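Biologist: I'm new to reading protein models. Could you walk me through one?

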Amino acid sequence: MKFIKKEILMKKYEFSLILDASFKIFGVYEGKIFKYHNCYDVKTREDLYIKTYEFIEGIINNNKY
């Protein structure tokens, strides 16, 4: 929840036109749906999809089932 609030909802993103692929980030936070397609952070130029993918990959790799 902290990642969604801090890294997605509290930042400004811009759309990047990509013709041969589409990278989507979507979810629900406090009952509201958010969707971002091919976006990058306006200040840092970080790609939202890559940032989110690395976050989820880190959770998966650190958990032992």
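Biologist: Which residue in strand 3 is the bridge partner of Phe26?

Modeller: In strand 3, Phe26 has Lys35 as its bridge partner. First, a word of care: this is a predicted model, where local features need pLDDT of at least 70, side-chain atom pairs count only at pLDDT 80 or more, and totals for chains, interfaces and linings use all residues. Residues are numbered from 1 along each chain as its sequence is written, and side-chain values use heavy atoms, leaving out hydrogens and water.

Biologist: How many bridges join strand 2 to strand 3?

Modeller: Strands (E, at least two residues) are DSSP runs numbered from the N terminus, and two of them pair if DSSP finds at least two bridges between them. Here six bridges join strand 2 to strand 3 (residues 32-37), and the two run antiparallel. Their hairpin has two residues between the strands, and Glu30 takes a positive phi near 50° there.

Biologist: Which residues of strand 2 are on its covered face?

Modeller: In a regular strand, side chains alternate between the two faces of the sheet. In strand 2, the covered face has Ile25, Gly27 and Tyr29, while Lys24, Phe26 and Val28 are on the uncovered one.

Biologist: Is Lys51 buried or exposed?

Modeller: Buried means under 20% relative accessible area, exposed over 50%, and partly exposed in between (1.4 Å probe, protein chains only). Lys51, in helix 2 (residues 48-62), is buried, because its relative accessible area is 11%. Contact means heavy atoms within 4.5 Å, and residues touched by Lys51 include Phe3, Tyr13 and Asp41, not counting residues up to four places away in sequence.

Terms used
Helix = DSSP H or I, 4+ residues; strand = E, 2+ residues; numbered from the N terminus.
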